[in-house]
Amino acid sequence: MEYFSSVPVFITLFLLNTAASEATCGFKACPGTKQNMINVHLVPHSHDDVGWLKTVDQYYYGSQNKIQHAGVQYILDTVVEELLKDSKRRFIQVETFFFAKWYAEQTETVQRAVKKLVAEGRLEFAGGAWSMNDEATVNYQSVIDQFNLGLRYLKDIFGDCGRPSIGWQIDPFGHSREMASIFAQMGYNGEFFARMDYVDKKKRMEEQGMEMIWQSSEYLKNSNIFTGMLYNHYSSPPGFCFDINCQDAPIIDGESYDNNVDKRVSDFIDYVKKMSKSYRSTHIMVPMGDDFQYEDAAVNFKNMDKLIKYVNDRQSGGSQVNVFYSTPSCYLYELHQLQQTWPNKTEDFFPYSSDSHSYWTGYFTSRPTQKRFHRDGNHFFQTVKQLSVLANLTSPQHAEDLENLSQAMGIMQHHDAVTGTEKQAVARDYDRMLYKAIVGAENSARNALRSLTNLTSGQFESCLELNISVCAFTQNSANNVVVTLVNPLAHTSTQYVRIPVENNNYIVTDEKGREVSSEVIPVPWQVLAIEHRSNDTQHELVFQATVGKIANFLIRVLPSPKSVDHEYFPIGKVMDETDILIVENSLVKLTFDTTTGGLKTITMNGLTENIQQSFGIYKGFRGNNGEAKNRSSGAYVFRPDGGIEILRNKADISFYNGTRVKEVHQHVNEWISQVIRLYEGVNRVEFEWLVGPIPTDDEVGKEIITRFSSNIASNGRFYTDSNGREMLERQRNQREHFDPDMSEAISGNYYPVTGQISLQDGEKRLTLLNDRAQGGASLEDGELELMLHRRLLSDDAFGVGEALNETQYGTGLIARGKVHLILDVATEKPNHAERLVQHELDQHFWKFFSKSNSVPHVYKDMIPDFTDFPQYVELLSFEQYSKEQILIRVENFNTNGNVVSFNLYPLFTSLSGYQIWETTLDGNMKLIDMKRFKFNQDGSGSIPSYVEYFYAPHSPMSADSTMDASEFVVTLVPMQIRTFIILQKTIS
């Protein structure tokens, strides 16, 4: 097949016959409709996964077609060619990563033609992010970043016409309320998706509830957003897939014996009439496409042209079906004009089940080490972006390094990347891509720190294996090592720092030469036993650091033992003479039962509660997937074979009783161990778990959980976060809109936990904070559990085509992570203090290592002033938006109370600001220009006689350096995020 062979001719004719005119994109480009008819909006599209069965490059270039036939470059080639042939044709492009890669390869002539198609609304962008992100396992900060990336690219190339107004989340496996809120805060008019619990969908189809108004935030004004569920997944109607990869019959007209026009038209009209019964309006949207379709777009469009013509010809005989090319934005525009009411929605669409035995709750945990690496990537990304602004790094190489990391993180948000639902070879490619981008961006961090400190030749190396207590920089010696700590938070923070070291006597000093109290702690032997781990360092040096934005600490080895003012005990076995072990600091007290080795009670915040922690195993069901009852547990689906097996064997425990750190090391079995840790002055308990290699010698896949059991009378209720932001109440065995099929009572009560899960009664609240996305549940009152790791031997037959059986070094994968526990007084609403702790844990000090025999100092005058930020206001983003523009995003973490206000003027002036303006959440549209559709909910009273819109929820900031400081006041309601662009003064 020869692609684009005739495109130059079409482009030339197209450009010659289209006079330059004002852009007609948006609703001006929408097709005409007809009253008293069913108006069918045909939406040509191709769903192009940014990696899944093949890598992103294999999908783009069309290689490895024996795995899956797909070549995105050819899709875009032929779609553009076909759009140029007929001004009525439409196509929507979703994944900006693929489009940007393709567009960069085109000639200037082709690019001009594409710009014209976009300007005339014939090629429209939907979604617009770098990838179509998952909604269960992503953190909101990363989602905002990848929309910033995609929408900024589209704005730079196409201006206002490139900005989407519709969220197109058609393939993620369930949908979060926070994602809907993000769309609303970006000014989108609505969103559409294609996956919903099968019971919920059936009920909505019967009740004409497939489209609704979603209240996407409990706290934010104007958060309602129109949300639509597609009828037949995101596929073409059955029998009407005209793609070269389909077997459906084309429309055969003319005088052929095989002429099938009448039958095809009748079948389509019957489908439309049936479909329309599930929707409230006289407009319906019919997607025409599927995965990686339109590789030979002429076939698709030629048959759709015929379908449109012959269906509409029936109108002369009384048919009331009117069909035409359209887009999701044009479809929603027509619904907005109708001024009718729609059902309400307040919660989310988790968990998603596709049949009675297929709850898609396994991917909440699948590939736990990749999920952690994804979180580490975001952590480093935020750190290096801030350093780049502080040091004013604007060179092309620096911009390229940051862009590469931004793009890698955008790809990692994809709904088959962070989810862990890709093939193993693709998972390795994602890891390779992210690692390469991090290493590249380390150059920017190094150059920044060489400018921001007087250590102008410092190495400023990062260590990416600190989770297993390995750092190449300190592997041979930690003598004369400078640890530079960068704090991504807005406020000064005090945290404990752990450095892998040899067992020596160390002294740590700060920038003023003052000694910082420290101690050396042994690394658990189970960590030392990890295969292929370098065991040069078998201890960790621990000290407490207080950091504003950047601080340096010098580590030196003492020539002789230093005098200490605290007792130091090498780790030793707990004596058997007593049946309890008490471990406590000034804020928390833990009691352990030495007969079982397990946790017994916790005392903190003036409360004492019996809390037992255990580990358990769910055996993964193995079936042939031929029907629902034979569904296997796999990368997507969590389906246990029977109940849980709680590991009740006695855990061997050891105890380290330091002055500032106290640790209980538990050995549960040959492949599960844990450290339970208290830091002095820290009001929470840290559980650092180590799981793997999960054994499969018995030919049984296993899913490993940790469970915390208490006497808290939670009455079936618990709470989980939505992408790290707002908390949603869950009710065991219940859903908001329908009675779920609970044939799988365990997996059907699992929810995504990206930040925290909690339960409470009238007095006490128990909260777990995690370090990566996991599945979580409360299957009994007073109990919380998190799934830590999964190793399965069968595929669940939902496309990935291989078992989730991760191995490394010839054996099962080992995972290590942390859970933090807080016991506190119950509150009516989620505690904002817990969100602040979670944010601090996510964005803790990033460590850089250099060699020096003295402590370098930080140039304080280069650090902007954040002191005006109120206690619960955090710095969500601080980054270079363009060479002379800085993006700042601030968030109020408070979930209750009054609004807070502070002044940005000190920060504005310290950044040499000339102008400042406020934008939508993504940072690419001035907030004053935001105008999005407002729809009426059922039961909302009388309907206005005119269409309504949402505008900015407050007066957007717009100021410059000539104005009074009072013009720079920022007011935030609880949970509000505001985004600003600062244009810096040009320095000649």
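1. Cys-25 and Cys-161 form a disulfide, with their sulfur atoms 2.0 Å apart; a disulfide here is a pair of cysteine sulfur atoms within 2.5 Å. The link of Cys-25 and Cys-161 is left-handed, at -70° about the S-S bond. Cys-25 sits in the loop between α1 (7-16) and β1 (38-44), and Cys-161 in the loop between α6 (140-158) and β4 (166-169), so the pair ties together parts that are 136 residues apart in sequence. Helices (H or I, at least four residues) and strands (E, at least two) are DSSP runs, numbered from the N terminus. Both Cys-25 and Cys-161 are buried, where buried means under 20% relative accessible area, exposed over 50%, and partly exposed in between (1.4 Å probe, protein chains only).

2. The model is predicted: local features need pLDDT of at least 70, side-chain atom pairs count only at pLDDT 80 or more, and totals for chains, interfaces and linings use all residues. Residues are numbered from 1 along each chain as its sequence is written, and side-chain values use heavy atoms, with hydrogens and water left out.

3. A disulfide also joins Cys-241 and Cys-246, whose sulfur atoms are 1.9 Å apart. The torsion about this S-S bond is about 50°, so the disulfide of Cys-241 and Cys-246 is right-handed. Cys-241 is buried, at a relative accessible area of 9%, whereas Cys-246 is partly exposed, at 22%.

4. Cys-463 and Cys-471 form a disulfide with sulfur atoms 1.9 Å apart. Cys-463 counts as buried at 12% relative accessibility, and Cys-471 counts as buried at 1%.

5. The count comes to 4 disulfides. With bonded cysteines counted along the chain, the disulfides follow the pattern 1-3, 2-6, 4-5, 7-8.
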